[in-house]
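Have the structure open as you read.

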Amino acid sequence: MPSATRSTTTNDRTETPPALALHGGPKAFPAARGKPCPKVGVEEFLMLAERFGFSPEARKRLDAAVRDADLPPNGPHLGRYHGSAKPPMGERFEDLAREKFGAKYARCASSGTGALHAAMIAVGAGPGREVICPATGFLATGMTAALAGAAPVFCDVDESLQLDPSKLDALITPRTVAVAPTHHWGTVADMGAILEIARRRGIKVIEDCAQAPGASWRGRPVGSIGDLGCFSISCYKIIGGGEGGMLVTNDERLYERASQLIEAGGLWRPDRFAPERYPGELFVGTNYRLSELEAAVNVVQMRKLEGVVARHRAVHARITSRLKVFREIRRQKSNDPAGDIGYQFRCFPQTTDLGRRIADALRAEGIRAAFRGAGAKPDWHVHRDMFPLFANYAENCRAERCPVAADLYDRCVNISFDQWWTPEDCDAVADGMNKVFAAYCAKE
Ligand SMILES: Cc1ncc(COP(=O)(O)O)c(C=O)c1O
């Protein structure tokens, strides 16, 4: 390499090369003259306002207010990278999850499915392993076990429509790594019995809380009762703006393995590129990172959770306290009436024919009642309809292995309640339900 100060001779003239900036010379490129235009800026912000449904007039007013906004030169960074100057929204979302769901660790993900996949991998689900899932719930639970390479094994339910713990023990084999009870439709699984069996048999418990954020069992928030809790914070759930998920746990190793699956780029680690700190820390993962846009919406949604749950509970309590008891109708059993959220009411008329007539009559009264009945269109909330799993796991998915789920699902009348109903609304709905039930059934 030529020395930085060496002179060279060209055509008999001696030239001294310019000093390197390193040695006090002028910089070759002190600053760009081109004016940077933010990659993401006001237009994108206004597009969000359009997506939110603000009127053109409101958007014009917003435009005028933010046009000269003092955005950083490159615009906001909407990815979630650790170490940014301001705490990312994702971290705020996780702080809230830790607080609300009573867990030491929280990792947000781009969906509830992503969170469940991470939980499956964290507990060691893989080829040759099995995960026990309830026969009613949603396809995502069994599907993520399968995605991890394990076989989902379906356990029948009882009249709570939750996994029946009395059938759990017999399904556990040396291949079983976990049981994944779903707290579905705002109600809670029988966690005491499930935990007792799981601890005794040495398997992990993954709570699928997608449909029950804010529910509790014996005063403990669902999600932090078992080993891992997975939430969907999506537009279809009681909180959530678009797509989003959350995983919580009190176990540091499970948290780290789940984080590796969610964010294999290593941004979750204290030192991103450091070698493996212990066997099993690093493995091939995905990018299920949650975008900062979704996280921002979900921070606000999480703050609203307590109010949402309290309003649902008040509506449910008012309506159900007025309901009469009828001989031909059994109400869904509750494993913890104080812990359920109660955004739906489910009952099982004696026959599918009776169920259909009751649901039709309720709808005619203006009450939102749903009923499926035997032979209805497939629905991925009951195991026998979970077609994407059948190809590889037909043996486990056969309906006759979970006859209670199949029967209850076919007879179930489902009435959706609304958190915003006034006491008068509640009383009118309760009276309407009593009227219809009394028309078809005998009072006890
Ligand atoms: C019980 C249950 N688990 C998991 C999921 C998956 O959540 P996401 O749609 O956020 O992936 C859902 C969504 O409907 C669900 O109901």
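Start with helix H4, residues 112-122: with three residues, H4 gives the most to the shell around the ligand. (Helices are DSSP runs of H or I with at least four residues, strands are runs of E with at least two, and both are numbered from the N terminus.) Before going on, note that this is a predicted model, where local features need pLDDT of at least 70, side-chain atom pairs count only at pLDDT 80 or more, and totals for chains, interfaces and linings use all residues. Residues are numbered from 1 along each chain as its sequence is written, and side-chain values use heavy atoms, with hydrogens and water left out.

**Around the ligand**

The ligand is surrounded by 13 residues, and Thr113, Asp208, Gln211, Ser232 and Lys237 are the closest; a residue is in this shell if one of its heavy atoms lies within 4 Å of the ligand. The shell is made up of four nonpolar, seven polar and two charged residues. Here Ala, Val, Leu, Ile, Met, Phe, Trp, Tyr, Cys and Pro are nonpolar, Asp, Glu, Lys and Arg are charged, and the others, Gly among them, are polar.

| Side chain | Distance to a ligand oxygen atom |
|---|---|
| Gln211 | 2.8 Å |
| Ser232 | 2.7 Å |
| Lys237 | 2.8 Å |

On its own the ligand has 390 Å² of accessible area, and the protein covers 88% of that (Shrake-Rupley method, 1.4 Å probe).

**The pocket**

The ligand takes up the space of the second largest pocket, meaning that more than half of its atoms lie within 2 Å of the pocket's grid points. A pocket is an open set of points on a 1 Å grid over the protein atoms alone, with protein on both sides within 12 Å along at least five of seven lines; a cavity is a set where a 1.4 Å probe fits but cannot get out, and lining residues have an atom within 4 Å of a point. This pocket holds about 420 Å³ of space. Its lining has 21 residues, with Phe138, Ala210, Gln211, Ser232 and Lys237 the closest to the centre. H4 and strand E10 (228-232) each give two or more residues to that lining.

**The cavity**

The second largest cavity has about 30 Å³ of space. Its lining includes Cys133, Phe138 and Met386, and no charged residues.

Notes: A polar contact is a pair of N or O atoms within 3.5 Å; within protein, one must be able to donate a hydrogen and the other to accept it, and residues adjacent in sequence count only if both atoms are side-chain atoms. Grid points are joined across faces, edges and corners, and a volume is the space filled by probe spheres set on the points.
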